[in-house]
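Q: I have a model open and would like to go through a few spots in it. Can we take them one by one?

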Amino acid sequence: MTCDDVRRTIATLALVVIGSSLLGAQGAKYAPDPRQPNDEEYTRKIREYTTEPFFTSPLVDHLPASKTVPTPSVVLGDVAGAPGILPYSADVHDYMRRLEKASRRARVFSIGKSEEGREMIAVAIADEAILAKYDENRARLARLADPRSFNLDDAEAERVMATTVPVYYITGALHAGETGSPTALMELAYRLVADESPYIRAIRRSVITLITPVVEVDGRDRQVDVYKWHLAHPKDNWPQVVYWGKYVVHDNNRDGMGVKLALTRNVIGAFMDHKAQVLHDLHESVPYLYDNTVGDGPYNAWIDPILADEWQMLGYHNMGELTRFGMPGAFAHGDFDTWTPGYLMFIAAMRNGVSRLYETFGNGGADTVERTLSPREYARTWYRQNPPLPKAKWSQRNNNNYQQTGLLTALSYYGENSRTFLRNFYLKAKRSVLKAKTEGPAAYVFPADDPRPGAQAELLRVLQRQGCEVSRATAAFTVDVPAKRKAKDGKDDEAAPGAAAAGTATDAKPAEKKKEGKRTEPRQFPAGSYLVRMDQPYSRLADALLDHQYWSPNDPQKYPYDDTGWTFGELFNVQVVRVIDPRVLDAAMQKLAGEVVAPGGIDGTGPVMIVNHDADPRLMALRYRFKDASFDVAEEPFEAAGRKFNRGSFIIRDADGDTLRKTAIELGLKVQAVAAAPGVRTHAIGAPRIGYVHTWLSTQDEGWWRLELDALGVPYDYISTQVVAATRDLRARYDVILFPPVGRGGPQAIVAGLPMWGNPLPWKTTPETPNIGKIDSTDDMRPGLGWAGLANLEAFVRAGGLLVTTDDTSDLAVSYGFAPGVSITRPQRLKAPGTVVRAKFVDPASPIAYGYGDDLSVYTSNGPIFTLSNTLGGRWGRRASEEPERPTGRGTADDPDQPQGRPPARDVPEEPKAEKWQALPLTDEQLRNPVYVIPPAQRPRVVLRYGDARDLLVSGLLDGGSELAQHAAVIDVPIEKGHVLLFSPNPVWRGETQGSYFLVFNAILNFDQLGSGRTLDAR
Ligand SMILES: [Zn+2]
């Protein structure tokens, strides 16, 4: 079991500037303090568990003894990295607290709790004199972190730096399956506290080491349960740890932008509280130590170039030290690109610090085993001259040796050069503040008249949670913004709201755009508009989230490591204006002290309450808070009390006024009270019962959906595919079944489950595995949805239920006949690896489109390409070729042929034509005996389609986009009394796509009224 952080181990060639020897040329040499004896027993075991003499270093091949400080064995019962031993998170924390008790060189801070209530800690270790004045040191670091406090005065910064010790923050066990770092960090902490060698003493005096030994505390405890189960059942296969955190698995390292997980909030909190300069995150995957601090291109485009140099300095020096120790397989350059800022380590990169990450070699547990590598893993390459061995016995102790040796040499180098790094820290903060006037933009503006105030407030809160400052204009102001491009028809081209507002409409060719970009026009923003100024210390973070991304299809990097686009204004469906004009900084404004809240409450009087539908996710919370009140939704836009209301707006009766007022204030929703209901056609919506389906294959991608439902207080039953298979009458229990994407194995695997050979794989709470189960349980994870599950799902839909599918579960629905008239075309060239694309509503009367405008930016990761037909299967299901070529004959290419010896044909039938998102109209021939013709009311209804090829890309990498362009993106397929709703884009992803959540929520709320507003084909 290894980390898939490194998916490819062959790096593409790139020119890399090697800066390793710029500073601290030789590094310090380790020599033990002759007066300090070794802990003989501990040292003997270290050597016993290390499988080869070259899998260790003089730094960690022994353990200096201490009369007062306990070694990790006090908790582990053996040495760190011993076979068969993995401590729970509480044991690790227990050890750190014993260290704190035994020494004034260690201090433990509680940094928050996980979703399941487990504690997270950070341990600060330094010389006792430094720790005694920890708060004073922290106050000095805070000044350097925000140099506005002393007017960016370099001389003052130098004075502050002279007495300040930097903080190097190390995090372990973020990925639960990567098990080595907690014991490595326990022993590292001991060494830093107890080793009296000059080498370690120098580290202690020059740098504060801050350690969070277990980041994913929930996942760690489950992983230890599974490992112990494995030890107790040595002959059996063991279950994969299908849940790490409560919500997501591997993606806990992709939450750095949306900040949805407790662990991300806690690490951001610790990083900012302790004013750290480095965040060094420990992972395990490839042999033996890949320091991906250097990584590969493209680098994130918003970082200060100083940071890129620091990556090179630290990465190459660090691996050089291991090479000099003779440790094979230590390398710095590799295939990780540093484009997206969503990784946990990037908390530092975006806050003027240094992000770092190690991938060491783990066995996924503490067994010592013979490991055989693939040729590409042991190949000598230009960046890995001393590669790993083709075959070696590998132990958790070896892994711990590599981790500790890497960290100690990094700390030593950082400490030796602490002045330089501190100066860089200050300089980066200063340049972040100057950014508004140097490279720009000056600010991002969020107009007060945005039609989606709730979504706007939520986006601003995300920035605030990140530590960004938000201000509010106290008066209207006018600044120059890029001029709107004139469309061919002379009207302003609005494109997508965000893109047009930002003046970066993506349908212009790059050259055209450059020209356009120079033209500006004044724009007035109303009082109350929000501003994120770029003259603040975390300006780069806000810029990285709010700007657009462009990844060239010709980039030398052909395998993006993660998402390539994420532009938050687009994905939140919020207007964000990038303003270069520095006059924006002079607008009258106030910095907000608290969280941004959208205005909420009740205006007017009367018994009928109206709430405008603006696709704000909090409307979903409102419906479920007032489960028993009667809610109608308007099928057309209307006016009331002098205000305009969108299609889908709520008309509420018999909700308790006081409670509604309080709730509306809390949720930031404006309610209009009126004397009588408006005269508009409506239908009632209830609070539908939701079944939420997951597999036992992977819970990675579905977790993001569950998290949002929980946050909004929407109740659901969380059921596995096995429960679906065992429940004959799903319709009796549920109105709606959500089947979010699985992300593993495809439709066949969802049906088949895990292979049925071998032993059962239990996932349940037992005395042996107390941390497992809880979220969901099964006696055996292997069986999948099966044919019975498919049949039950189909019966559910036919009986009037709504099944919502996305990406691979949409593929499942299409493959197994749940979506008559829809097929999936396999892509030939399309590359959209986590890309923001434009979509257009083509049926605004569908309840699924309620609250939206004409366009919407959506997230897709090579989502399925849907094609529609009005017939089922056979040759009638195929699309005619777009431009039928004329056959060989008389005349020019555009002329009709002319058979000789008879008059020209008069009745040449027109070939049926349709847009790419539509089905071809039926021909007379097809209707002669329409066995396969789908009746008009049962045909798929396209609600949203992908944009045209020329303006499909909003942000990220898109290649071969014409394969996806114009195809249906969201399709409502009626089946008898029920519906299947197919998504190609993923509407709920990493807390970043809030603008598209309501596509799903509309479907839920209107599950029994989805036919509303439909125009049927005439035949
Ligand atoms: Zn990992």
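Q: Where does N399 lie?

A: This is a predicted model. In it, N399 lies in helix 14, which covers residues 396-416.

Q: Is N399 buried or exposed?
A: N399 is buried, because its relative accessibility is 1% and the cut-off for buried is under 20%.

Q: And what does N399 touch, leaving out residues up to four places away in sequence?
A: N399 touches G180, E284, T360, F361, G362 and W394.

Q: Which aromatic cluster has F361 and W394 in it?
A: One formed by F54, F55, Y288, F361, W394 and Y402. Two of these names, F361 and W394, are also among the contacts of N399.

Q: How many aromatic pairs does the structure hold?
A: The structure holds 40 aromatic pairs. One of them is Y168 with Y414: the ring centres are 5.4 Å apart and the planes are at 75°, so this pair is edge-to-face.

Q: Which parts does that pair of Y168 and Y414 tie together?
A: Y168 is in strand 3 (residues 167-171) and Y414 is in helix 14, so the pair ties together parts that are 246 residues apart in sequence.

Q: Y168, buried or exposed?
A: Buried, because Y168 has 0% relative accessibility. Y414 also counts as buried, at 1%.

Q: What about F568 and F572, how are those rings arranged?
A: The F568 and F572 rings are stacked, because their planes are at 25° and anything under 30 degrees counts as stacked. Their centres are 5.3 Å apart. F568 is buried at 0% relative accessible area, and F572 is buried at 2%.

Q: Switching to charges over rings. Which ring does the charged end of R351 sit over?
A: The ring of Y538, with the charged end of R351 5.5 Å from its centre. There is also R623, whose charged end sits over the ring of F631 at 3.9 Å from the centre.

Q: Now helix 15. What span should it have, and what are the end C-alpha atoms doing?
A: Helix 15 has 17 residues (418-434), so at 1.5 Å a residue it should span 24 Å. The end C-alpha atoms are 24 Å apart, which agrees.

Q: Which residues of helix 15 are buried?
A: In helix 15 the buried residues are S418, F421, L422, N424, F425, Y426, K428, A429, K430, S432 and V433.

Q: Why would residues three or four places apart point the same way in an α-helix?
A: Because an α-helix has 3.6 residues a turn.

Q: On to the backbone. What is the peptide bond from G440 to P441, cis or trans?
A: The bond joining G440 and P441 is cis, with omega about 0°. P441 lies in the loop between helix 15 and strand 11 (443-446).

Q: And from G297 to P298, cis or trans?
A: The G297 to P298 bond is cis, with omega near -5°. P298 sits in the loop between strand 6 (289-296) and helix 11 (305-324).

Q: What is phi at D654?
A: Phi of D654 is near 45°, a positive value in a residue other than glycine. D654 is in the loop between strand 23 (650-653) and helix 22 (657-667), and it is exposed, with a relative accessible area of 60%.

Q: Where is K774 found, and what is its phi?
A: K774 is found in the loop between helix 26 (746-752) and helix 27 (786-798). Its phi is positive, about 65°, although K774 is not a glycine.

Q: K774, buried or exposed?
A: K774 is exposed, because its relative accessible area is 56% and the cut-off for exposed is over 50%.

Conventions:
Residues are numbered from 1 along each chain as its sequence is written. This is a predicted model: local features need pLDDT of at least 70, side-chain atom pairs count only at pLDDT 80 or more; totals for chains, interfaces and linings use all residues. Side-chain values use heavy atoms; hydrogens and water are left out. Helices (H or I, at least four residues) and strands (E, at least two) are DSSP runs, numbered from the N terminus. Buried means under 20% relative accessible area, exposed over 50%, partly exposed in between (1.4 Å probe, protein chains only). Contact means heavy atoms within 4.5 Å. The expected span of a helix is 1.5 Å times one less than its number of residues. Rings of Phe, Tyr and Trp (its six-membered ring) pair if their centres lie within 6.5 Å; planes under 30 degrees apart count as stacked, over 60 as edge-to-face and the rest as tilted. A charge sits over a ring if NZ of Lys or CZ of Arg is within 6 Å of the ring centre and within 35 degrees of the ring normal.
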